[in-house]
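Hello,

Here is the structure I promised to pass on. Please open it first, then read the notes below.

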Amino acid sequence: MCTSHAHPNSPALTSDSRVRRSTARSANLLAAARQVIPGGVSSPVRAFRSVGGTPPFIIGGKGARITDADGNTYLDFVLSWGALALGHAHPLVVEAITLQAERGTSFGAPTELETELAEMVVRAMPAVEMLRFVSSGTEAVMSAIRLSRAATGRRKIVKFAGCYHGHADSLLVQAGSGVATLGLPDSPGVTAGAVADTLTASYNSIDEVEALLSLHPGAVAAIIVEPVAGNMGLVLPSLGFLQGLRRLTTAHGALLIFDEVMTGFRVAFGGAQRLYNISPDLTCLGKIMGGGLPAAAYGGRLDLMEQIAPSGKVYQAGTLSGNPLAMAAGIATLRELGKPGAYESLDRASLAMANCVRDACLQADLPVQTNALGGMWGFFLTDTTVTDFASAKTADTRLYARVFHALLDEGIYLAPSQFEAAFVSTAHDAQALEAAHIAVTKAVMTVRNRGAD
Ligand SMILES: *Cc1c(COP(=O)(O)O)cnc(C)c1O
């Protein structure tokens, strides 16, 4: 059988009765983009390589919906990879950005907006006493790692397979096979030296972490973890995992870094550290905190953060850091999220989506595992319980591609990869969820009725 993903970029497919959407304009835009931008995209997953087909070029969004260049509209469950908690073009965010734009967009000098947003974050996040703004999650993590090495005088870092911490060289290590595996670089151009001090363990395995710490006594500067993993699909921490990391790092004199770039202000107003009541030494933030504009931060214990220049000797800087437009968007966003009921509405919406996908798959006899937490949700097309990257990889990625395209044709925009989380915003109201329910049920049935390729 012929489905749209089997023939990427073929305009002829639009005459196929099974393909409801036109994609001609997006296909033309992609062809033009490819001439001047690698793969036509500014970040690799956007190119749809793992599901095939043409990525819709987006011309606008409002609330829970986005519209592409061919005039198709979709219910958006990607939400700029989780950065938008209030949906697209929220009136208060637009107003805040507009007001600031009229006053100037960047000064490279301190503004009161930075203090205001920093105070909001410090009040919300139990383990953040002081923070420094940067422009991307990658920078936040890179800087937190530098600080952890400076503060401990140690070199090694422990990360978990399947956790993504941005694209800094030392963290571009994905999976070691088993305990004590030294990292191998994930990308050409990353030298063996750059990752020589990166150790990898399996998510949710305290035993592997303990073994690594014993194998490298006095050498581990920090353990960095996504407290709720969202970059291998959505994988929740098992009972005691985060507590175990806190206990082991304290016992071994290493720092605990929570990478809350995705989870901060998404799983709860104070992030996973508030939800699970664990105090990491350092916290990385991004995405929602910048209200959909480029802002990120790293923060934590006062004695650590005061080691950052110019208070201390650890150098870190940025031309556009604390950008006024991003600060204004972040303040407006956190103000809305701080109102009563915001996270209850996110919880309800993510659970409704996870349940709706689970029910549709079970009815269609497709294997499925689902998760939901705060404004995050996700599903794996497998019968195996997913607790780490190895079990996540049992998911059927070809089946995912078929489900993904059937959903896209029904107006549901999900991440073009089985190994990404899905999101909801406060704009995903009862009406949007009802529409999603109908579309998901129909799309999953279509996949089942078409059978395998
Ligand atoms: C998105 C993400 C990053 C990287 O942030 P960028 O702003 O894309 O550099 C780092 N860590 C986690 C957990 C993320 O989800």
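Which residue forms a salt bridge with arginine 21? The partner is aspartate 409, and the closest N and O atoms are 2.9 Å apart. This pair links distant parts of the chain. Arginine 21 lies in the segment before helix H1 (24-36), and aspartate 409 lies in helix H14, 388 residues away. Both residues are buried. Please keep in mind that this is a predicted model.

**Other salt bridges**

The structure holds 10 salt bridges. Another one joins glutamate 410 to lysine 442, with 3.8 Å between the closest N and O atoms. It too links distant parts of the chain: glutamate 410 sits in the loop between H14 and S13, lysine 442 in helix H15, and 32 residues separate them. Are the two partners buried or exposed? Glutamate 410 counts as buried, because its relative accessibility is 18%, under the 20% cut-off. Lysine 442 is partly exposed, at 44%.

Aspartate 303 and arginine 301 also meet in a salt bridge, at 2.6 Å from N to O. Aspartate 303 is partly exposed, with 42% relative accessibility. Arginine 301 is partly exposed as well, at 30%. Salt bridges with shared partners join Arg246, Asp281, Arg301 and Asp303 into one network.

**Helix H15**

H15 covers residues 430-450, 21 residues in total. From first C-alpha to last it reaches 30 Å, close to the 30 Å expected. Its buried residues are Ala432, Leu433, Ala436, Ala439, Val440, Ala443, Val444, Thr446, Val447 and Arg450. Why do they lie on the same side of H15? Because they cover an arc of only 150 degrees around the axis. An α-helix has 3.6 residues a turn, so residues three or four places apart point the same way.

What do the buried residues of H15 pack against? They meet strands S2 (65-68), S3 (73-76) and S13 (412-413), plus helices H12 (342-363) and H14 (397-409). The face turned away from the buried side carries the exposed residues Ala430, Gln431 and Asn449. Glycine 451 follows H15, and its phi is positive, near 75 degrees.

**Domains**

The chain is divided into domain 1 (3-89 + 341-452) and domain 2 (91-337). Their centres, taken over C-alpha atoms, are 27 Å apart. The contact takes 32 residues from domain 1 and 34 residues from domain 2. About 2,500 Å² is buried between the domains, and carbon and sulfur atoms give 68% of that area. How many salt bridges cross the interface of domain 1 and domain 2? The rule finds 0 there.

Best wishes

Definitions and conventions
Residues numbered from 1 in each chain as written. Predicted model: local features only at pLDDT ≥ 70, side-chain atom pairs only at ≥ 80, totals over all residues. Heavy atoms only, no water. Helix = DSSP H or I, 4+ residues; strand = E, 2+ residues; numbered from the N terminus. Expected span 1.5 Å × (residues − 1). Buried < 20%, exposed > 50% of the residue type's maximum accessible area, 1.4 Å probe, protein only. Arc of directions from axis to C-beta. Contact = heavy atoms within 4.5 Å. Domains from an automatic or database assignment. Buried area = accessible area lost by both parts, 1.4 Å probe. Salt bridge = Lys/Arg side-chain N within 4 Å of Asp/Glu carboxyl O.
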